[in-house]
Amino acid sequence: MEAESSRSRLRRLGASVRVRATLGATAVVAAALLVAAVALVFLQRSSLEQNAQDIAEARAAQVASQVAASGPPKTLAGEGDPDEVADPNERDDDREPESVVIQVQRAGKVVVSSQRDISLPAESGSTTLTGGEDPYVIATSDATWQGQNFEAVVAVSLEDAEESTGALIPLLVMGIPLLLIVVGGVVWLVVGRALRPIERMRAEVATISDQRLEQRVPLPGSRDEVQRLGVTMNEMLQRLQESRDRQRRFVSDASHELRSPITVLRQTGEVAGAHPEAIPPGELVEVMTSESLRLQRLVDQLLLLTRTDERGRQSTEEVDLDDVVFAEAARIRAALPNLRVDTSGVSAARVRGDYSALSQVLRNLTDNAMRHARHEIRFTVAATGTSVTCTVSDDGVGVPAESRERVFERFVRLDEARARDDGGSGLGLAIVAEIAESHGGRARVVEASGGGAQFEVELPFEPDAGVS
């Protein structure tokens, strides 16, 4: 069990953004430092070798110039001037090894040398002297004296280059891990500090439930991506809270609306059951039928709103709005023959959308106009380059300016008594607004030119839908 718990902690640690960021940054820096270290060692060694080569070439040219002027010297000293004569009292065996070897050769044979028993190749390059371990670089220079050709050959030891490079490598071996520790620590601290506000947000969000949507995540003081994330989360919580509040109001209002016809049906049934003679059979049938129809309309509208909320537009097809308007005008003429219906402002227009939903929009606007119109209802359909606007106007009392936004809210009735008597549920215009928004349009109400209310539904016009 303890081993399993340890493995679980390791998995969580490995999944941490902080750990991954630290390991990733450290790995990148380690690779960069490794490449830089190799390049530094290589460049330093190359620079020291080139410096030794330059010294060898300069000394070779100096010796060749002396040979050309006065012939080869009799003796040479390893570190001194090329024609410096060694102390005759000093034995060669007592001399310390020289870092510079100078020879004058003729036809490949040594004429004079700063060190005995050493023969240098008369060509530039690198070599190891006889009996030695340190590498040397060699430079040659030709000279002519009294018709004879000589070669001045100089070898410079690379011991200093080896020692400098050897001293640099341990420093790098110790310094790179220390630098990686510092980089890893800094990244760990910086990432931890950057993620701390996110962890606070996560902890706060973990405590938020559907009963506590009014809570908001704490915002950091910095104006960075984390702060913008917090703002976005708070905006999301605000939308969720508003959606929850709308749903609660919807359920409450729907329950209230359903209670009224159900109560009437129950009370009527109880009275009819207890006192059969109190309600004539015809009146009983009329009450039961009217309340049942009212209940059915309310349930149908609730289901329509629910479907609109959950899925939006159901299908996309070409819809001739003028045909839908003419069908509604014919329905009004048949139902209310004394009411004048004006369709002279209807022009041909076609949009893309859900035919059933758009028909429901016109049906609800028409029902609303029929309830409020005194003498006339007017329809217009006009297409522009970017939209199609359909209007339904009546010559009723109109909608007060302060109520023109509320009228599209659910279960809102500006005239409660008359709306209930007419069977209105306060959902018809809300359905209009929901369907219009699901089609990318909008619904609004303004004052009609001759008084009354004018409801407008503006839908986007798509060029490929065309105008018939």
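## Ground rules

Axes here are lines fitted to C-alpha atoms, for helices over the stretch in contact, and angles run from 0 to 180 degrees between N-to-C directions. Helices (H or I, at least four residues) and strands (E, at least two) are DSSP runs, numbered from the N terminus.

This is a predicted model, so to speak of its limits: local features need pLDDT of at least 70, side-chain atom pairs count only at pLDDT 80 or more, and totals for chains, interfaces and linings use all residues. Residues are numbered from 1 along each chain as its sequence is written, and side-chain values use heavy atoms, with hydrogens and water left out.

## H7 against H9

Let's start with helix H7 and helix H9 (residues 428-438): their axes come within 9 Å and cross at roughly 145 degrees.

Contact means heavy atoms within 4.5 Å. On the H7 side it is made by Ala357, Gln360, Val361, Asn364, Leu365 and Asn368, and on the H9 side by Gly428, Leu429, Ile431, Val432 and Ile435. Sorted by class, that gives seven nonpolar, four polar and no charged residues. For the classes, Ala, Val, Leu, Ile, Met, Phe, Trp, Tyr, Cys and Pro count as nonpolar, Asp, Glu, Lys and Arg as charged, and the others, Gly among them, as polar.

## H6 against H7

H7 also meets H6: the two axes come within 10 Å and cross at roughly 35 degrees. This crossing is right-handed. H6 brings Val324, Val325, Glu328, Arg331, Ile332 and Ala335 to the contact, while H7 brings Tyr355, Ser359, Leu362, Arg363, Thr366, Asp367 and Met370.

Five strands make an open sheet, ordered E7-E9-E10-E12-E11, with mixed pairing (two strands pair if DSSP finds at least two bridges between them). Strand E7 (340-346) and strand E11 (442-447) sit at the edges, each pairing on one side only. On average, neighbouring strands of the sheet are turned by 15 degrees against each other, direction ignored.

Inside the sheet, strand E9 (residues 376-383) pairs with strand E10 (residues 387-394) in the antiparallel sense over seven bridges. Alanine 383 faces valine 388 of E10 there. As for the helices, H6 (residues 321-335) lies across E7, E9, E10 and strand E12 (453-460), running at about 165 degrees to E7. H7 (residues 355-372) packs on the sheet too, touching E9, E10 and E12, and its direction makes about 25 degrees with that of E10.

## H2 and H3

Elsewhere, helix H2 (residues 17-70) and helix H3 (residues 159-206) have axes that come within 9 Å and cross at roughly 160 degrees. H2 and H3 are therefore roughly antiparallel to each other (under 35 degrees counts as roughly parallel, over 145 as roughly antiparallel, 65 to 115 as roughly perpendicular and the rest as oblique). H2 passes H3 in a right-handed crossing, and the contact residues divide into 24 nonpolar, seven polar and four charged.

## Two residues worth a click

Glutamine 146 is in the loop between strand E4 (135-145) and strand E5 (148-157). Its phi is positive, about 50 degrees, although it is not a glycine. At 64% relative accessibility, glutamine 146 counts as exposed.

Serine 141 is in strand E4 and, at 19%, counts as buried (buried is under 20% relative accessible area, exposed over 50%, partly exposed in between, with a 1.4 Å probe and protein chains only). Beyond its neighbours within four places in sequence, serine 141 is in contact with Ala60, Ala61, Ala64, Phe150, Glu151 and Ala152.

How values were computed: Left-handed = near helix turned anticlockwise from the far one by under 90°.
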